[in-house]
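Below is a short report on one protein model.

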Protein chains: 2
Amino acid sequence: MDLLSIASQTRSAAGMLARTTPETRNAALATMADALAARADEIRAANEQDLAAARQEGLAAPLLHRLSLDDKKITGLVSGLRSLQSLPDPIGQISVRTELSPGLVLERISCPLGVIGIVFESRPDAFVQIASLCLKSGNACLLKGGREALQTNRKLRDVLLDATASVGIPRTWMALLESRDEVQGMLSLDRYIDLIIPRGSNEFVRQIQASTHIPVLGHSAGICHLYVDADADAEMAVRIAVDAKTQAPATCNSIETLLVHSEIAPAFLPALKTAMDARSVRLLGDDRTRTVIPCDAATESDWDTEYLDTILSVKIVDSADEAVRHINRHGSRHTDAIVTENKSTAETFLAAVDSADVFWNCSTRFADGYRFGLGAEIGISTGKIHARGPVGLEGIMTYKWLLRGHGETVAPFADGSASFTHRPLPL
Amino acid sequence: MDLLSIASQTRSAAGMLARTTPETRNAALATMADALAARADEIRAANEQDLAAARQEGLAAPLLHRLSLDDKKITGLVSGLRSLQSLPDPIGQISVRTELSPGLVLERISCPLGVIGIVFESRPDAFVQIASLCLKSGNACLLKGGREALQTNRKLRDVLLDATASVGIPRTWMALLESRDEVQGMLSLDRYIDLIIPRGSNEFVRQIQASTHIPVLGHSAGICHLYVDADADAEMAVRIAVDAKTQAPATCNSIETLLVHSEIAPAFLPALKTAMDARSVRLLGDDRTRTVIPCDAATESDWDTEYLDTILSVKIVDSADEAVRHINRHGSRHTDAIVTENKSTAETFLAAVDSADVFWNCSTRFADGYRFGLGAEIGISTGKIHARGPVGLEGIMTYKWLLRGHGETVAPFADGSASFTHRPLPL
C-alpha cells in the first residue's frame, strides 16, 4: 500500500482511537503485555534473524547489544506496559470551565494530538515503548525503525496489533514504515501527521528538523554546564561534577563544560583534577585554568562541543553573570546547574539561564522523565514551544475548546443588549 | 545597524526583561498609556503623513480606514493598555511542585518565550496591541509593520520606548524592522527568535509558514461549518446560521459551509433561504439541496473555499457521522458547530470533530479571545501544538524546570542506595 493511503487510514483510526474509553485502552495495554510474554519465543526468533544478519555485516558490539531483544529486555517491556496502565488517563482533562453568559458554558478539554510519526534507530524495545505511550494517550502512530531491526519490528507489530485487535481497536491505528523513502514522504504529510518524534543521534535529529514543516519534538544537542560559584562548597562541587560527568558520560544530560569562579578556582580546581584523574576524565582548560592545574588547552570550539565522552572543558569566569552569559551563548538550552551556598546568587542563576532545566546544588543527571516522576517519558525537548525538558504523556496531547449553548448568537452581545459574565466555574 | 546585531541586542534585552518585576512591567504599561494620550498630536501628525502618501498612491477606502489612527482609536489603545495592567502576571506561575527525595524539590515555573517576531499588515494600532502584550509577558520583540504605516509606526515606537525607558527598561527590548529583506532575514534567525506571529491575509500567513523553521503561531484559513442535525430546532438553526454567516462575514470564525441532515432539510432549507435572501446571502447548493430550494450549484472546490463574503455553500448529508467526516476532511480545524436537541449526537460531534473550537447550539462567532474571557488575544491558532484556538498571554509563555538540592547526585539512586519519593507538594 502506498504511503498516502497508509497515512490516510492511520488518520481515520486516530479519530476512532481518540474516542475509546480509558478501560478499552488499558485493556489493550494489558493484552499487549500478556501477548509479549506469551509470544516471547517468536519475538526472540525474529530478533535472532536480525542479529545473525547484523553479525554477518560486521556490526559493532554496542550496536549488536542495542539490537538484541533478550528475555530480560522483554520482561522489562512487559512491566513497563503494566505500569503504564496505572497512570491517570490523559484524555478529557478539563483545564478551563467558564460561563460566558447564563446557559453558555465554555470548557477546555485535553485530547490526543492525532497521528504521531516516530523515527527511531536500531533499538527494537523503543518500538514497544513508543507505541504503548501512543495507545495510552489515544494517538495513532506511524513508526519507522532501524533497517537492522526489520524482522524484530515486523514481529512486534504483529504481536501488538493482534493484541489491540482482540479488544476491538482497528489494526490501522499503528503502521510500520520500512523504507527511507517512506520517511522522507512522511515528513511532507503535514495534513496527516501532527508531530514528528525523532530518536537517535544529534545529527539525525537535526536532519529531520531541517526537512519538515511538521512540528518536531526532540533535542539536537546536550551541551550542559556546571557553574561552581565563589560561594560554593568545594567538596560538594567536586562530588556533583564527578556525578554529572562520569555517572553516564554518553547521555545528553551529562556536563560538557565546567565554569568556575576565579575566587574559588585555586581551592577547587586541584581537587577537581584529582577526582577526574581517578576516573580517567580528560580535562581541557582555558589559559587561566592552566595557570592553576596542568591540562591540555581548550580552544574556542570546545565551548560548543558535546563530547558524549570522558572529556570536560573547564573555564574560569569572574562572576555568576559571566557564567550565565557563557551558558546562554554556548549551551543548548538543555540542563545547566550552579553550585553555591549563596541563595541570592542561586536564584538569579535559576531565573537568568535560558534552559529547559536549571538546577541548584545537584547533578544535571536528574534531568529525566523517570527521575522527575512524570511516569513515562516521550523524550526530552530543547525547544520552548509546547513541551520543554523531559516530556511525559502531556507532550503528545493537545486540547480543544467546547462551547455548549441554547441557541446563543453573537449579535446581541455586539449591539449591547446582552453582556458576558465570564464567570469561572469549578473544574 | 544590521539585522543580526539588532536581533542579538533584542535577545540580550529579553533576558533582562524576563527578570523585571510585575510592578515594573505594569508601571511601563501605565506610562505607555499616559504617553499615548499626551503625545496623540504627534502620533496623528505622523499618521497624516502616511495617509497623505497612501491617498496619493490611490489606496482603497477600506485600507485607508485601517491605516488611519484617529483619536477614537488612540483612546481605545489607551484603555486597552490600562486593562492589560489589571491582568494577572503570567510570569512565575508554578504548575508542578514535587519532592523527588527529601531536600530535593522540583518546580515547573512559567517564563516568557524570549523574543517574538511579529509581522503585521497596515493597521498601526496592532503595533501597540502586540508590543504591549509582549511587554506584559516579559517578551522582547521584533516588529515589522506595513510599509504604508512607516511614519506612524516609527512615531509609536519612539513614544513607547521613551515610556518604557522612563521606568528603566532598556530601549533594545523592542525593535522596528523596516524592510522586506529584514523579514526574510528574521525568518532564518532561529537562534534568536522563539516564535513568529504573522497577522494578515491567509496567503500571507501561509507564505510565512512555508519560509521558516521557527515555530509560527497563526491560522491560515477559517473554513468553518454549521451542521444542522435531524433533531435540530429548525428555528434555532436558522437564527444561528444567520448570525454565523452575516454578523461579520469577513471574519475567520464565520461559517462557509452549512451541512444539513436529509430528514430535516425539507423543513429547514426553505426557512434558511428566506432568512438568507433577506440578508442578500448567496446560497450555493449540492444537487440534493437544489431539489429542495432553488439556488446556484456548488462544485467540489466550494467545500474547500473560504469566501469571507456573503456566500454560503450548502450540502445535505444522511447522518451526523457523514457531517463529521466532511468537516474533518474539508475544514481548517478552526471552529465548527452542531445544532441539535439530541445530547448524545451533540457529545459525539464535540468529541469527533478535530477542530480547535467545537460548539453545540451556538454561533461559531463566539470563537474569540475576548468572548472566551481570555483577557487579551494574541491571535487564533489552527495548529495543535503549544496553543490552540483563541490564544491569550499563555501562548507567548513557556516554562522551565527548577531543581533545588543540597548536593544530591544520581549515583546512589542508580545503585539502589537511595530512592525517589516523588511526593506532590502544594503549589
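B:Ser280 counts as exposed because its relative accessibility is 60% (exposed means over 50% relative accessible area, buried under 20%, partly exposed in between; 1.4 Å probe, protein chains only). B:Ser280 sits in the loop between helix 11 (265–278) and strand 9 (282–285) of chain B. Helices (H or I, at least four residues) and strands (E, at least two) are DSSP runs, numbered from the N terminus.

This is a predicted model, in which local features need pLDDT of at least 70, side-chain atom pairs count only at pLDDT 80 or more, and totals for chains, interfaces and linings use all residues. Residues are numbered from 1 along each chain as its sequence is written, chains are lettered from A and ligands numbered from 1 in the order in which they are written, and side-chain values use heavy atoms, with hydrogens and water left out.

**Positive phi**

Most residues other than glycine have a negative phi.

| Residue | Phi | Relative accessibility |
|---|---|---|
| B:Ser280 | near 55 degrees | 60% |
| B:Asn361 | near 55 degrees | 5% |

B:Asn361 belongs to strand 13 of chain B. At 5% relative accessibility, B:Asn361 is buried.

**The interface**

The contact (heavy atoms within 4.5 Å) draws 76 residues from chain B and 75 residues from chain A. Together the chains bury about 6,200 Å², 54% of it on carbon and sulfur atoms. Buried area is the accessible area (1.4 Å probe) that two parts lose on being put together, summed over both.

There are 10 salt bridges across the interface (a side-chain nitrogen of Lys or Arg within 4 Å of a carboxyl oxygen of Asp or Glu). One of them is formed by A:Asp354 and B:Arg11, at 3.3 Å, N to O. Strand 16 (residues 397–408) of chain B gives the most to the side of chain B that touches chain A, with 11 residues.

**Helix 14 of chain A**

Helix 14 (residues 343–352) of chain A has buried residues A:Thr345, A:Ala346, A:Phe349, A:Leu350 and A:Ala352. Their cover includes helix 13 (320–330) and strand 12 (335–339) of chain A, together with strand 16 of chain B.
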